[in-house]
Amino acid sequence: MYKLYSMQRSGNSYKVRLALALLNAPYKAIEVDILRGESRTPEFLARNPSGQVPLLEVADGRYLAESNAILWYVAIGTSLAPEDRIDRAQALQWMFFEQHALEPSVGAAYFWLVLVRGGRDLQTHSLEDWMERGYAALRVMENHLKTHDYFAAGHLTVADIAMYGYTHVANQCDFDLSGYPSVRAWLKRIEQEPRFVSMAWKPAEVAAPETAPGTETGLTAEA
């Protein structure tokens with residue numbers, strides 16, 4: 001059984017939990033609060049030197065970091081990971097887009113405006129840039145989704161799960177999706193998938209952190 005180190009309100013962690021739920025794959029969830037430094041302890045850094053969540057233990061002592069890499073790993077051999085060469089490349093295309101366009105804008109805004117207490121005041125200088133780049137990413141998504149129900153292969157894939165992680169919380173961090181009807185319709189399609197779970201959903205067994213919280217903030221962790 002997988003062991004997943006994640007943070008409940010982390011968009012990147014949620015991607016993995018959503019994929020595992022859609023695949024009906026069993027796993028043990030271990031909550032790691034990056035805001036309390038729990039990803040910066042020596043014990044955690046021994047598992048993942050970058051100090052980020054999510055982190056998946058795929059076998060005893062073998063760990064896989066980076067949310068989109070984890071998505072591919074758990075999806076291999078299922079319809080979530082396209083077999084066709086161009087479909088697979090297009091899924092990867094959108095997953096790269098998510099990491100260089102969507103996550104640094106909408107994801108950063110979500111982290112600082114929603115998760116970090118006082119984050120809005122701390123990041124006032126970044127807000128305009130996040131909004132500009134975030135809306136630019138949403139326009140690219142809207143234009144694609146005007147003529148496609150999903151991002152690759154004509155059906156739900158890991159690309160959609162990756163893109164959904166932060167898009168579905170964009171309205172919580174100042175983004176107005178009212179002008180993006182195709183994006184909103186796509187969000188609803190994802191949410192109507194069998195075995196879909198929300199970010200707030202927790203698996204039956206959620207383990208407490210295995211180590212005591214550290215003293216660092218952990219704000220560099222992948223949220």
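This report describes the fold, packing, surface and annotation of one predicted protein chain.

## Basis

The model is predicted: local features need pLDDT of at least 70, side-chain atom pairs count only at pLDDT 80 or more, and totals for chains, interfaces and linings use all residues. Residues are numbered from 1 along each chain as its sequence is written, and side-chain values use heavy atoms, leaving out hydrogens and water.

## Fold

Eight helices and five strands make up the protein chain's secondary structure. Both are DSSP runs numbered from the N terminus: helices are H or I with at least four residues, strands are E with at least two. Their order along the sequence is β-α-β-α-β-β-α-α-α-α-α-α-β.

The radius of gyration, taken over C-alpha atoms, is 17 Å, close to the 17 Å from the globule rule for 223 residues, so the chain is as compact as a globular protein of that length. That rule is 2.2 Å times the number of residues to the power 0.38. The C-alpha trace spans about 50 × 45 × 30 Å along its principal axes.

## Packing and surface

Of the 223 residues, 53% are buried (under 20% relative accessible area, 1.4 Å probe, protein chains only). Among contacts (heavy atoms within 4.5 Å) with a separation of 6 or more, 74% join residues 24 or more positions apart.

The chain exposes about 10400 Å², with 51% from carbon and sulfur atoms. Areas come from the Shrake-Rupley method with a 1.4 Å probe.

## Annotated span

An unreviewed UniProt entry annotates residues 1–82 as "domain: GST N-terminal". Such annotations may be inferred rather than shown by experiment. Residues 1–82 are 33% helix and 23% strand, and their end C-alpha atoms lie 24 Å apart.

How values were computed:
Buried < 20%, exposed > 50% of the residue type's maximum accessible area, 1.4 Å probe, protein only.
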